[in-house]
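Hi there,

Here is the structure I promised to pass on to you. Have a look at it first, and then read my notes below.

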Amino acid sequence: MSLQDVHQLSDDARKVFAPTSSFSWNLVSTRQTQFAYFDELLGRPVWKGRKVLDFGGNVGTFLESSGKNVDHKDYWCIDLNPAVIAQGRLRYPRAHFVHFNRYNSQYNPHGVRHLPIHDCGVKFDFILAFSVFTHVDEKEMIELVGSLRRMLSTDGVLAFTFLEPSFDRSLSDPRLPRGSTVFLNLGPRRNNEAVRRARWFVLIDDQLYIQPGDTLCHQTRTGKPLESFCSFFTAEHMRSLFPGATIHPPVQREWQHCCILRNSSP
Ligand SMILES: C[S@@+](CC[C@H](N)C(=O)[O-])C[C@H]1O[C@@H](n2cnc3c(N)ncnc32)[C@H](O)[C@@H]1O
């Protein structure tokens, strides 16, 4: 999968997720705000000399944002998309880029179902995932979070983002009209009481699935290659899924919430 495939995306997919001109970030990320975002939410920890796993780190732009705070040799990126892993290796030869060849309709349609996460042979002080669990269902998120927690050092911390449907994006971007929530983008469906009360829901292209149980798990469902799969969880639901986690609203003008689990959390 590469940027050349963008033309294959359905019109619905483009409409729901991003302006067409910026859609390609969904395959090759140009985001450079990850370090500032996690640095603020984690309370400006010492990064130097500590090992970082950027799960779903794409081409590794985290390293641009972290500057001298993170040595490239202490940085690992694990991602489903073989094209971005290849690109990351070229761009940051001292860092470690690992292809996670697990099936995912959106990012790795030729992958293997149920593949466990690669054991990198190190324990990580920071495991970060920006805009990654926004593309899996509840079941796979719980499974992957469990696996990642086992990869933490004794005082390690896992921080990952999620999309809270009621967050007003104008708080992060004042150019947006007040009340710019995900619900607003759902059109008339936003008035549906079941949508408003949902603890979580998934949008596949323009199709909405409210609390779909296990039916949309990438590891058992077959999706269309390159479809857009986007999941949304309320902050309250995340608290109930991950007891001991702290849940934080967006910072650094981002619009994703953050769930933080310290190794000492229950
Ligand atoms: C929206 S991009 C975000 C990229 C990067 N974290 C950033 O902030 O710019 C989502 C990335 O997560 C990867 N991804 C999605 N699901 C994943 C999974 N289950 N395991 C590993 N990587 C995954 C995708 O291949 C893609 O590179």
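Strand S5 (residues 152–162) is mostly covered, with eight of its eleven residues buried. Buried here means that 20 or more other C-beta atoms lie within 10 Å of a residue's own; with 12 or fewer a residue is exposed, and in between it is partly exposed, the C-beta atoms being placed from the backbone. Helices (H or I, at least four residues) and strands (E, at least two) are DSSP runs, numbered from the N terminus. Please keep in mind that this is a predicted model: local features need pLDDT of at least 70, side-chain atom pairs count only at pLDDT 80 or more, and totals for chains, interfaces and linings use all residues. Residues are numbered from 1 along each chain as its sequence is written.

Which strands does S5 pair with? Strand S4 (residues 124–129) runs parallel to S5, and five bridges link them; two strands pair if DSSP finds at least two bridges between them. In this pairing, Phe126 sits opposite Val157 of S5. Strand S10 (residues 257–262) is antiparallel to S5 and joined to it by six bridges, with Phe162 opposite His257 of S10.

S4, helix H5 (residues 138–149) and S5 form a right-handed β-α-β unit; right-handed means that, with the strands pointing away from the viewer, the path from the first strand over the helix to the second runs clockwise. The end C-alpha atoms of H5 are 16 Å apart, which agrees with the 16 Å that its twelve residues should span at 1.5 Å a residue (the expected span is 1.5 Å times one less than the number of residues). The buried residues of H5 are Glu138, Glu140, Met141, Leu144, Val145 and Leu148. They lie on the same side of H5, because they cover an arc of only 160 degrees around the axis, the arc being that of the directions from the helix axis to the C-beta atoms.

S3 runs parallel to S2, joined by four bridges, and His96 is the bridge partner of Trp76. From S2 the chain crosses through helix H4 (residues 82–91) to S3 in a right-handed β-α-β crossover.

Strand S6 (residues 200–204) is largely enclosed by the rest of the structure, because five of its five residues are buried. Trp200, Val202 and Ile204 point one way from S6, and Phe201 and Leu203 the other way. S6 is antiparallel to strand S8 (residues 229–233), with five bridges, and to strand S7 (residues 207–210), with four. In the hairpin of S6 and S7, two residues lie between the strands, and Asp205 takes a positive phi near 50 degrees.

Finally, look at the ligand. It is surrounded by 23 residues, the closest being Ser29, Arg31, Gly56, Tyr107 and Phe130; a residue counts as near if its C-beta atom, placed from the backbone, lies within 6 Å. The shell divides into ten nonpolar, eleven polar and two charged residues. Ala, Val, Leu, Ile, Met, Phe, Trp, Tyr, Cys and Pro count as nonpolar, Asp, Glu, Lys and Arg as charged, and the others, Gly among them, as polar.

Happy exploring!
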